[in-house]
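Hello,

Here is the structure I promised to hand over. Please open it first, then read the notes below.

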Amino acid sequence: MNIRPDDRKPVIAILTTRDKFREFRGNHKNFRDIIRTGKELGYLVYVITVKELRLGNHYVNGYVPGPGKSWISVQLPPPEVVYNRIPTREDEAKPAVARKLAECLEYPGIRLYNPYFFNKWSLFEWLRGSNATARHVPATRRLRSARTLAAMLKTHTSLYLKPETGKAGKGIMRVIYHAGGELPYRLQIQSGKKNVTYKAATVERLWSRIGKERGDSRYIVQQAIELATCKGRPFDLRVLVQKNGKGGWSMTGIGARLAGSRSITTHVPRGGSVEEPSSMLEAMFGPERSLSILKSVSGTALLIARQIERASGYMLGEMSMDLGVDEKGGLWFFEANSRPMKFDEPDIRRLSLERIIQYSQHLYRQIAIFPQRM
Ligand SMILES: Nc1ncnc2c1ncn2[C@@H]1O[C@H](COP(=O)(O)OP(=O)(O)O)[C@@H](O)[C@H]1O
Ligand SMILES: [Mg+2]
């Protein structure tokens, strides 16, 4: 019996950039895990840098794991699926990198998996575009003037200020308005695992203090959600959604992060801890409600992923999401990341690696069915 062309296993390359001090950038351990999973499932997977990915060549120079932590550069067949793991926005914005990504999108023999980073502001615009997702989006505006800040403070007594291209809590601030007293405006600035608070008498004063912190970075300002708590600390949910072997969005796993005692975010490097979502939710809502909340987290995250994909106009393969649960069990979208970090939960981790390979197979089938680009 003949093997149909779409049943062949594609060659998969993990795309990253070069580095001055080692072979390439990115999370080497993650890359090893992906390569190992590919091998177990019978796929050739290797790492390639933007520079070495020459389209149309019969061979390319890629990297495969060597003994210990080493990597070996070898000649390999060119990739049919390219899994984009360029680690930073700065790298991805470089002209040579942007050009190569655009070429990959055009090139008929390659499917590019995860073309771009998201911008926080675009995400909110996209999600407001559909009623089903708009109800999970906190009130959000671009932070460009003291007027916007004053307007937001009229309707919300607490706000989050976040850089549009931020990650891991960097640059996040919180504003709280306490009626009465001479210094009613509080500005909390995250610094390491702690936060420092400034007090101001007027919105103008507050604005100038924010300006000092913000520098030239673009920010959004967002209604603060009163998060559900466990042991007196707020927690939120980290969700991983990925496309499966059939090309449909599916839920890979839900994790929870409990905020550190003196942090305004739940990030682990800022004192937060990895927790079991059901035990977090049960503490607040009891076992029955928490089960139904978890179900709605799955449904909502999939709705959000589909809307992001539709509105962005890019074909996406995976994303992680930060979702907040309020004290009534309502779900709120904080952000999505198109280059998800590793989940430490072993079950989520294993499934996430398998899905990368399975979705690559799906992408490859699309080449066989639609040799010209869709
Ligand atoms: N509007 C908000 N209300 C309440 N908590 C928030 C809000 N926005 C962010 N947070 C908290 O801060 C964390 C980090 O925010 P996020 O938008 O994910 O930024 P980052 O890209 O730095 O991770 C969230 O996981 C959540 O704990
Ligand atoms: Mg986040």
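**Around Ala-201**

Ala-201 touches Glu-182, Leu-183, Pro-184 and Tyr-185, leaving aside residues up to four places away in sequence. Contact here means heavy atoms within 4.5 Å. Ala-201 and Tyr-185 are 16 residues apart in sequence, and their C-alpha atoms are 6.3 Å apart in space. Ala-201 sits in the loop between strand 11 and helix 7. Helices (H or I, at least four residues) and strands (E, at least two) are DSSP runs, numbered from the N terminus. Ala-201 is partly exposed, at 34% relative accessibility. The cut-offs are these: buried is under 20% relative accessible area, exposed is over 50%, and partly exposed is in between (1.4 Å probe, protein chains only).

**Ground rules**

This is a predicted model: local features need pLDDT of at least 70, side-chain atom pairs count only at pLDDT 80 or more, and totals for chains, interfaces and linings use all residues. Residues are numbered from 1 along each chain as its sequence is written, chains are lettered from A and ligands numbered from 1 in the order in which they are written, and side-chain values use heavy atoms, with hydrogens and water left out.

**Helix 7**

Helix 7 covers residues 203-214. Its 12 residues reach 16 Å from first C-alpha to last, close to the 16 Å expected at 1.5 Å a residue. That expected span is 1.5 Å times one less than the number of residues. Val-203, Leu-206, Trp-207, Arg-209, Ile-210 and Arg-214 are buried in helix 7. Seen down the helix axis, these buried residues fall within an arc of 165 degrees, so they line one face of helix 7. The arc is taken from the directions from the helix axis to the C-beta atoms. On the other side, Glu-204, Arg-205 and Lys-212 are exposed. Gly-215 follows helix 7 and has a positive phi, near 60 degrees.

Six strands form an open sheet with antiparallel pairing, in the order 7-12-8-9-10-11. Two strands pair if DSSP finds at least two bridges between them. Strand 7 (140-143) and strand 11 (194-200) stand at the edges with a single partner strand each, so one side of each has no neighbour in the sheet. On average, neighbouring strands of this sheet are turned by 25 degrees against each other, direction ignored. Strand 10 (residues 185-191) and strand 11 run antiparallel and are joined by seven bridges. Ile-189 has Val-196 in strand 11 as its bridge partner.

Helix 6 (residues 146-155) lies across strand 7, strand 8, strand 9 (173-177), strand 10 and strand 12. Helix 6 runs at about 155 degrees to strand 7. Axes are lines fitted to C-alpha atoms, for helices over the stretch in contact, and angles run from 0 to 180 degrees between N-to-C directions.

**The magnesium ion**

Which residues are the protein donors of the magnesium ion (ligand 2)? They are Asp-322 (OD) and Glu-335 (OE), lying 2.0 Å from the ion. Asp-322 is in strand 17 (residues 318-325) and Glu-335 in strand 18 (residues 331-337), so the pair ties together parts that are 13 residues apart in sequence. Donors are N, O and S atoms within 2.8 Å of the metal (3.2 Å for Na, K and Ca); water is not among the atoms, so sites may look incomplete. Asp-322 is buried at 10% relative accessibility. Glu-335 is buried at 15%.

Strand 17 and strand 18 pair antiparallel over six bridges. Gly-324 stands opposite Trp-332 in strand 18. The two strands form a hairpin with five residues between them, and Gly-329 in the turn has a positive phi of about 90 degrees. Six of the seven residues of strand 18 are buried.

**Strand 1**

Five of the five residues of strand 1 (residues 12-16) are buried, so the rest of the structure largely encloses this strand. Ile-12, Ile-14 and Thr-16 point one way, and Ala-13 and Leu-15 the other. Strand 1 runs parallel to strand 5 (residues 81-84), joined by four bridges. Strand 1 also pairs in the parallel sense with strand 2 (residues 45-49), over five bridges.

Best wishes
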